[in-house]
Amino acid sequence: MTAFKSDFLNTLQERGFIHQCSDFEGLDALAAKGEATAYVGYDCTAPSLHIGNFLSMMMLYWLQQSGNKPITLMGGGTTMVGDPSGKDETRAIRTVAEIEANKASIRGVFAKVLRYGDGHSDAVMLDNAEWLTKLNWIEMLRDIGRHFSVNRMLTMDSVRLRLEREQEMSFIEFNYMVCQAYDYVELSRRVGCRLQMGGSDQWGNIVNGVDLGRRMGTPQLFALTTPLLTTASGDKMGKTAKGAVWLNADQFSPYDFWQYWRNAEDADVVKFLKLFTILPIGEINKLAALGGSEINEAKKVLATEATALLHGRDAANEAAETARRTFEEGAAAETLPTELIPEHEQKFFYGSEGLSVIIAVQLTKLVRSNGEARRLIESRGVKINDEPVVSIMHMLTPEDLRDGAIKVSLGKKRHVLLKPA
């Protein structure tokens with residue numbers, strides 16, 4: 001393991017953030033002097049960021065803790081273009097109103113992790129719509145486009161992989177890397193930014209920005225990426241039966257967020273503690289030494305610390321207490337996630353037939369299909385109000401309501417309250 005001069009790179013290396021860097025020595029010297037102003041870009045394609053963005057936010061957190069300056073760049077301009085990375089189809093073109101609404105919804109999450117202000121290492125938030133939407137087409141071709149080689153652009157993963165799969169790529173998508181590279185040049189000129197960070201899938205785009213800066217006369221720029229985020233079983237991280245793990249509480253509750261980490265695979269716990277909490281390495285090493293069933297205690301620490309970082313200590317403690325009551329006491333806590341029985345199903349629920357337990361399991365949104373719900377029931381993996389369901393023919397009726405809700409449990413860890421709409 002390389003020993004760096006800067007706390008920033010030493011911390012990132014020790015905690016497992018580093019995948020590629022364009023120039024370790026140059027970046028290390030800059031960060032050691034507290035002069036590394038760095039940015040991560042966040043496109044506004046949805047009302048919330050997701051757990052992959054949480055990883056880059058943690059990089060900015062450690063940058064700030066080491067006395068350097070983070071920039072969160074809102075992609076008000078690049079979202080109009082659409083990042084083709086990892087996609088086989090063109091992203092849906094969003095209206096300006098949609099982008100603005102998403103941007104407004106996203107903004108608040110950053111202040112939970114970063115400190116904003118006017119100080120040397122205080123974070124700043126910028127929006128690339130400020131310069132991208134003002135570019136004149138001919139000037140852009142002459143002053144920026146002339147520095148790009150189409151031959152080289154065709155070798156970038158975001159383009160090459162799409163073409164190899166014989167999937168169409170639109171001209172607007174082809175220009176995304178030009179916009180992202182120009183962002184880097186603008187940030188260098190405006191606020192002295194010298195480092196862009198992101199996931200490993202952004203390496204080509206980031207290096208394009210480094211090269212464009214060199215051609216357009218900026219000081220030396222740097223690139224730093226994280227490894228692809230996967231679980232120990234090889235799955236892409238951040239997907240659940242309910243969908244993506246969003247960072248906004250109104251799209252993915254603090255309780256669900258807590259549960260996501262609590263359900264981590266044993267082999268992932270230490271890695272996630274390093275990446276998604278701010279616990280000291282010494283404490284993480286102590287938790288790493290736990291074996292057998294004790295690993296569950298480490299998972300609870302992971303869940304509580306990650307949730308506290310994003311949603312606050314009170315919400316994390318409430319989620320932990322809800323889980324304890326649910327798992328250890330079997331209580332149908334009011335703070336459990338709730339799903340509604342839609343009106344078109346209530347005619348069965350309130351009727352003589354009753355609501356099929358298979359439909360009820362699907363309504364929890366914890367399974368992907370009718371078949372998965374059926375298999376869970378047949379394997380005795382479903383409980384209604386803490387009582388095992390022994391038949392796929394079981395029906396739910398108003399008599400199953402407890403304080404206006406029915407507790408549906410899938411296995412030992414997943415619980416949802418069903419309520420009539």
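Tutor: An axis here is a line fitted to C-alpha atoms, for a helix over the stretch in contact, and an angle between axes runs from 0 to 180 degrees between N-to-C directions. Helices (H or I, at least four residues) and strands (E, at least two) are DSSP runs, numbered from the N terminus. The model is predicted, so local features need pLDDT of at least 70 and side-chain atom pairs count only at pLDDT 80 or more, while totals for chains, interfaces and linings use all residues. Residues are numbered from 1 along each chain as its sequence is written, and side-chain values use heavy atoms, with hydrogens and water left out.

Start with helix 13. The axes of helix 13 and helix 14 come within 10 Å and cross at roughly 165°. Helix 13 is therefore roughly antiparallel to helix 14 (angles under 35 degrees are roughly parallel, over 145 roughly antiparallel, 65 to 115 roughly perpendicular and the rest oblique). Val 270, Leu 273 and Lys 274 of helix 13 make the contact with Ile 281, Ile 284, Leu 287 and Ala 288 of helix 14 (contact means heavy atoms within 4.5 Å). By class, six of these residues are nonpolar, none is polar and one is charged; Ala, Val, Leu, Ile, Met, Phe, Trp, Tyr, Cys and Pro count as nonpolar, Asp, Glu, Lys and Arg as charged, and the others, Gly among them, as polar.

Helix 13, residues 269-276, also has buried residues: Val 269, Phe 272, Leu 273, Leu 275 and Phe 276. Buried means under 20% relative accessible area, exposed over 50%, and partly exposed in between (1.4 Å probe, protein chains only). Among the elements that cover them are helix 1 (7-15), helix 3 (51-65), helix 12 (254-262), helix 14 (281-288) and helix 15 (295-311).

A second pair can be set beside this one. Helix 10 (residues 176-191) and helix 11 (residues 203-215) pack at about 55°, with axes 8 Å apart, and are therefore oblique to each other. Helix 10 passes helix 11 in a right-handed crossing. From helix 10 the contact includes Tyr 176, Met 177, Gln 180 and Ala 181, and from helix 11 it includes Asn 205, Ile 206 and Asn 208. The residues of this contact divide into nine nonpolar, five polar and no charged.

Helix 10 also holds Ser 188, which is buried at a relative accessible area of 9%. Leaving aside neighbours within four places in sequence, Ser 188 is in contact with Cys 193, Thr 218, Pro 219 and Leu 221.

That brings in the cysteines. The whole structure has zero disulfides (a disulfide is a pair of cysteine sulfur atoms within 2.5 Å). Cys 193 is in none, as the nearest cysteine sulfur, that of Cys 21, is 14 Å away. Cys 193 is buried, at 0% relative accessibility. For Cys 179, the closest cysteine sulfur is in Cys 44, 14 Å away, too far for a bond. Cys 179 is buried as well, at 16% relative accessibility.

Technical notes:
Left-handed = near helix turned anticlockwise from the far one by under 90°.
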